[in-house]
Amino acid sequence: MDLQKQPASAPAAPQPAPAVADVPASALRASDADRDRIADILRDALAEGRLDADEHAERVEGVLSAKTVGELEVFIQDLPAAHGHRRATPSYSPAPNRPTEGAIPAEADQHVVAVFSSAMRKGRWRAGRRMHAYAVFGNVEIDLSEAIFEYQQIVIKAISVFGNVEIRVPENVSLRGTGGGVLGNFEVDTLDSLEPDAPVIYVDGWAVLGNIEAKPKRGKLVADILDRVQRKVDKSLRKHLDR
């Protein structure tokens with residue numbers, strides 16, 4: 001008996017690869033941009049009075065150590081910005097590159113000098129309108145992160161010769177720099193505060209075989225400092241009234 005020829009079977013169509021389960025957004029690893037977004041919301045909440053200084057500092061610390069997007073969202077879940085009600089960013093004009101004519105005296109209010117030594121100005125102190133810093137084979141540190149700003153415009157003139165001048169400012173001020181280096185380094189981070197009445201700090205200087213650096217100090221805000229001072233005053237008043 002003749003065998004009937006059977007048609008060759010068509011090759012099987014390739015099977016689609018099994019779908020990978022969708023990863024929820026909250027489980028994704030957090031990026032630096034995600035952390036910056038949450039930090040901005042916390043900063044606004046501090047300025048609006050929704051958080052006090054201690055709460056703000058505690059949450060910012062948690063943001064820096066968070067690993068996932070879900071962990072970040074926990075720190076803002078009780079704030080309106082987390083639910084689509086974030087206030088619009090106020091319009092503002094960038095601070096001028098130079099101080100207003102006549103606003104800064106020609107003579108310095110304060111001098112910080114280090115010659116073969118070190119000099120430091122930090123803590124709770126009143127910043128004058130003009131400061132001069134000289135580092136000659138020495139180190140000068142000017143920390144304005146907890147300073148009292150009685151003037152909106154401040155000029156720091158820095159000269160470094162085989163030395164180092166380091167300037168630190170709060171995050172929510174405006175910062176400008178004019179200067180350079182001769183076989184040295186002159187570095188000023190430009191900052192623009194959203195608040196029209198925020199202090200503006202101008203750093204003018206020259207580094208000759210030395211270093212001049214001005215940057216914000218992370219986590220330090222003028223509003224944060226003022227809030228802490230007010231709490232200390234309130235605490236002192238309560239102690240006085242309880243006597």
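This is a predicted model: local features need pLDDT of at least 70, side-chain atom pairs count only at pLDDT 80 or more; totals for chains, interfaces and linings use all residues.

**The chain as a whole**

- The protein chain has 243 residues, and 35% of them count as buried.
- You'll find 4 helices and 12 strands in the protein chain.
- Take the contacts in the protein chain with a separation of 6 or more: residues 24 or more positions apart account for 68% of them.

**The phenylalanine cluster**

- A pair of aromatic rings is described by how far apart the centres are and by the angle of the planes.
- The count here comes to 2 aromatic pairs.
- One of them joins Phe116 and Phe137, which are stacked with 4.9 Å centre to centre and 0° between the planes.
- Phe116 sits in the loop between β1 (110-115) and β2 (118-121), while Phe137 sits in the loop between β4 (130-136) and β5 (139-143), so this pair ties together parts that are 21 residues apart in sequence.
- Phe137 also pairs with Phe162, again stacked, at 4.8 Å centre to centre and with 5° between the planes.
- That pair links distant parts of the chain too: Phe137 is in the loop between β4 and β5, Phe162 is in the loop between β7 and β8 (164-169), and they're 25 residues apart.
- Put together, Phe116, Phe137 and Phe162 make one aromatic cluster.
- How accessible are Phe116 and Phe137? Phe116 is exposed, with a relative accessible area of 64%, whereas Phe137 is partly exposed at 42%.

**Around Gln153**

- Gln153 belongs to strand β7, which covers residues 153-161.
- Is Gln153 buried or exposed? Its relative accessible area is 14%, under the 20% cut-off, so Gln153 counts as buried.
- The side chain of Gln153 reaches over to the backbone nitrogen of Thr100, at 3.1 Å.
- Leaving out residues up to four places away in sequence, Gln153 touches Pro99, Thr100, Ala103, Ile104, Arg129, Val200 and Tyr202.

**Arg129 and a ring**

- Arg129, one of the residues that Gln153 touches, lies over the face of Tyr151, at 5.0 Å from the ring centre.

How values were computed. Residues are numbered from 1 along each chain as its sequence is written. Side-chain values use heavy atoms; hydrogens and water are left out. Helices (H or I, at least four residues) and strands (E, at least two) are DSSP runs, numbered from the N terminus. Buried means under 20% relative accessible area, exposed over 50%, partly exposed in between (1.4 Å probe, protein chains only). A polar contact is a pair of N or O atoms within 3.5 Å; within protein, one must be able to donate a hydrogen and the other to accept it, and residues adjacent in sequence count only if both atoms are side-chain atoms. Contact means heavy atoms within 4.5 Å. Rings of Phe, Tyr and Trp (its six-membered ring) pair if their centres lie within 6.5 Å; planes under 30 degrees apart count as stacked, over 60 as edge-to-face and the rest as tilted. A charge sits over a ring if NZ of Lys or CZ of Arg is within 6 Å of the ring centre and within 35 degrees of the ring normal.
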